Amino acid sequence: MTTGAASAGEVATLAFDTASATATAPTRSFHGMLPAPTGPYAAGEDVIHLTDASRPDPWVPSSGPRQLAVTMVYPAVPGTGTPAPYMTLAEATGVIQRRKLPASSGVTAQNLSSVTTHAFDGARPQHGKYPLVVLSPAYEDPRMTLTSLATDLASHGYVVALVGHTYEDSGETLANGRTPPCAICDDPALDLDSVATSRALDVSFVIDRLTHGQTAWRLAHLINKHEIGMAGHSLGGAAAAATMIADPRVRAAVNMDGTFHPAPMPGQINRPFLMLGAAVNHAPGGDDYTVWEQAWAALGGYKKWLTVAGADHFSFADLDLLLEEAGFPTPPLSPERGVTITRAYVTAFFDRTLKAIHSPLLDGPTPNNPEVLFQS
């Protein structure tokens with residue numbers, strides 16, 4: 001999870017370390033709740049487990065073929081299904097241990113796993129076919145940290161695949177019930193270009209499985225396999241660019257506040273691309289501005305470069321919102337506003353590029369979104 005000069009590990013732990021140092025004794029236990037989706041559909045959810053028999057795990061080869069946990073979120077009929085947990089107890093335990101959250105935070109594995117997601121297990125799907133959007137989280141962060149975005153996209157008529165990149169975060173519960181911890185997070189010599197490349201292989205494999213029959217997922221018939229997009233946060237944003245370069249099936253992509261690993265070269269990406277980041281990192285003078293400027297110059301298709309004033313690195317995922325609900329410090333931009341902006345602009349981008357629906361949000365600054373600045 002890199003934004004400029006800070007190392008991946010430094011950035012990934014910054015907010016939580018700060019929170020740990022400044023938290024006071026809780027007056028009540030943590031009760032996390034994500035914002036409700038804003039679209040006309042409910043969000044259904046299934047968790048699937050996939051094994052890529054053609055590829056050994058890149059980080060722990062002794063574990064055998066690459067195994068992935070993927071959360072599928074889809075347009076559903078309201079009032080069907082049962083409330084979906086945010087994550088498994090083992091995944092929640094991994095987050096608490098990885099982030100060294102103190103007992104004084106009031107965050108426990110039980111209440112973290114029970115965060116209200118507004119997604120529903122086994123909900124009845126809406127009829128029709130929908131574009132597929134693959135989401136890739138930040139380095140060290142499990143896939144669930146993009147749940148707010150996933151449920152909102154589903155409510156607006158997208159099938160979403162939240163990919164957990166095994167051994168790259170605090171833990172993803174696999175088909176065998178194990179939740180292995182991060183194998184590479186503490187490696188100071190880690191080549192993040194190689195991680196982004198590996199994630200691109202993960203994503204292409206997931207797309208393969210979801211677009212060839214229904215053996216991988218019982219509702220694969222909902223997917224319009226000719227309309228595929230990808231969005232990622234931090235290193236997941238770098239993976240979105242790497243996947244665009246490697247896989248022509250991905251027609252549009254979004255990098256949310258991530259350094260490019262590496263920056264694309266001219267001619268490599270000639271399809272729609274959105275760069276959405278914190279102004280402190282990606283506006284002129286920001287830590288990562290030069291890399292984004294280089295990437296921007298190389299992009300050949302429809303493109304937008306937006307920065308958000310007052311945002312921090314975690315404004316584009318669920319993290320700031322959950323930190324706020326646990327009583328920890330948050331950036332000048334309210335966490336709720338960060339989620340609202342992320343949802344609105346990412347959905348507008350995919351509406352335009354995958355559904356040919358015009359949104360004035362992407363035409364330029366709007367009075368209702370004064371924090372969002374158009375860099376180019």
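Which helices each supply at least two residues of the lining of the second largest cavity? They are α4 (147-155) and α10. This is a predicted model.

- Eleven strands form an open sheet with mixed pairing.
- The strand order is β3-β4-β1-β2-β6-β5-β7-β8-β9-β10-β11.
- β3 (82-83) and β11 (372-374) stand at the edges. Each has a single partner strand, so one side of each is left without a neighbour in the sheet.
- Strand β5 (residues 130-136) pairs with strand β6 (residues 159-164) in the parallel sense, over four bridges.
- In that pair, Val133 stands opposite Val160 in β6.

**Helices on the sheet**

- Helix α8 (residues 289-298) packs on the sheet. It touches β8 (250-256), β9 (273-278) and β10 (303-308). The direction of α8 makes about 160 degrees with that of β10.
- Helix α10 (residues 335-355) lies across β5, β7 (223-233), β8, β9, β10 and β11. It runs at about 165 degrees to β8.

**A helix pair**

- Two packed helices are described by the angle between their axes and the distance between the axes.
- For helix α5 (residues 192-210) and helix α6 (residues 235-246), the angle is about 65 degrees and the axes are 8 Å apart.
- The crossing of α5 past α6 is right-handed.
- From α5, the residues in contact are Leu192, Val195, Ala196, Arg199, Ala200, Val203 and Ser204. They meet Leu235, Gly236, Ala238, Ala239, Ala242 and Thr243 in α6.
- By class, this contact has nine nonpolar, three polar and one charged residue.

**Cavities**

- The structure holds two cavities of 30 Å³ or more.
- The second largest cavity has a volume of about 50 Å³.
- Its lining includes Thr145, Leu146, Ser148 and Leu149. Ser315, Phe316, Ala317 and Asp318 also line this cavity, as do Val339, Thr342 and Arg343.
- Which helix gives the most to this lining? It is α10, with three residues.
- The lining of this cavity divides into five nonpolar, four polar and two charged residues.

Notes
Residues numbered from 1 in each chain as written. Predicted model: local features only at pLDDT ≥ 70, side-chain atom pairs only at ≥ 80, totals over all residues. Heavy atoms only, no water. Axes fitted to C-alpha atoms, helices over the stretch in contact; angles between N-to-C directions. Left-handed = near helix turned anticlockwise from the far one by under 90°. Contact = heavy atoms within 4.5 Å. Nonpolar A, V, L, I, M, F, W, Y, C, P; charged D, E, K, R; others polar. Pairing = 2+ DSSP bridges. 1 Å grid on protein atoms, 1.4 Å probe; cavity = no way out; pocket = protein on both sides within 12 Å on 5 of 7 lines; lining within 4 Å. Points joined across faces, edges and corners; volume = space filled by probe spheres on them.
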